[in-house]
Amino acid sequence: MTDLQTTTRARRPRPKVVTLTEAAAARVREIMEAPRKDGADKPYVALRVGVKNGGCAGQEYTFAYAERIEPMDEVVEDKGVTILIEPKAILFLIGSEIDYETTKLASKFVFRNPNQTDACGCGESVTIIPAAALETD
């Protein structure tokens, strides 16, 4: 039997799955600092972002409060806030920028997603193709 030696090599930093604009980060801070509506004392740890099937274009972006970080969540820290990306949504969101826009009729998070190929007329659902796996040499 041979002794195998392992070496620890520094990993290069991975790019963030998503980035936030200043407006989106400010809105996430506001949401996270607000008291919980269910009256619980324990604060949420982050907002969880995902993608689900639905809507007329096929998929919808989702946001949910997270009470804990799940083992497979992608943790994104940007501009002083933490968001979590659901594991099944990572390939759909790679390279996206999350913004927060306020108009006369609505205030909402907006995704600028390079993987999005279509959207419905009302803007509530999208068609997204998964990002291609990066080739390594």
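This is a predicted model: local features need pLDDT of at least 70, side-chain atom pairs count only at pLDDT 80 or more; totals for chains, interfaces and linings use all residues.
Residues are numbered from 1 along each chain as its sequence is written, and side-chain values use heavy atoms, with hydrogens and water left out.

**Figure 1. The fold at a glance.** The protein has two helices and nine strands, taken as DSSP runs numbered from the N terminus (helices: H or I, at least four residues; strands: E, at least two). Along the sequence they follow the pattern β-α-β-β-β-β-α-β-β-β-β. Of the 137 residues, 34% count as buried (buried is under 20% relative accessible area, exposed over 50%, partly exposed in between; 1.4 Å probe, protein chains only). The accessible surface comes to about 9,900 Å², with 52% of it belonging to carbon and sulfur atoms (Shrake-Rupley method, 1.4 Å probe; for residues, only the protein chains shown count as cover).

Figure 2. Three strands line up in the order β1-β6-β7, with mixed pairing (two strands pair if DSSP finds at least two bridges between them). The edge strands, β1 (18–20) and β7, each pair on one side only. From one strand to the next, the twist averages 30° (axes are lines fitted to C-alpha atoms, for helices over the stretch in contact, and angles run from 0 to 180 degrees between N-to-C directions). Strands β1 and β6 run parallel and are joined by three bridges; Val-18 has Ser-96 in β6 as its bridge partner. Helix α1 (residues 22–33) packs on this sheet and touches β1, β6 and β7, its direction making about 70° with that of β6.

Figure 3. Asp-99 forms a salt bridge with Arg-112, their closest N and O atoms being 2.9 Å apart (a salt bridge is a side-chain nitrogen of Lys or Arg within 4 Å of a carboxyl oxygen of Asp or Glu). The pair links distant parts of the chain, 13 residues apart: Asp-99 lies in strand β6 (residues 96–102) and Arg-112 in strand β7 (residues 107–112). Shared partners join Glu-97, Asp-99, Glu-101 and Arg-112 into one network. Asp-99 is buried because its relative accessibility is 11%, whereas Arg-112, at 37%, counts as partly exposed.

**Figure 4. Two further salt bridges.** The whole structure holds eleven salt bridges, including the two shown here. Lys-52 meets Glu-60 at 3.7 Å, N to O; Lys-52 is partly exposed, at 43% relative accessibility. Asp-78 pairs with Lys-79 in a salt bridge whose closest N and O atoms are 3.6 Å apart. Asp-78 is buried at 8% relative accessibility, and Lys-79 is partly exposed at 35%.

**Figure 5. The surroundings of Thr-62.** Thr-62 has its place in strand β3 (residues 59–66) and counts as buried, at 18% relative accessibility. Neighbours within four places in sequence aside, Thr-62 is in contact with Arg-48, Val-49, Gly-50, Val-51, Lys-52 and Glu-86 (contact means heavy atoms within 4.5 Å).

**Figure 6. A nonpolar surface patch.** Back to Val-75: together with Val-45 and Ile-69, Val-75 makes a nonpolar surface patch of about 230 Å² (patches are made of residues with over 30% relative accessible area and no salt bridge; like charges are joined within 9 Å, nonpolar side chains (Val, Leu, Ile, Met, Phe, Trp, Tyr) within 5 Å). Val-75 counts as partly exposed because its relative accessibility is 37%.
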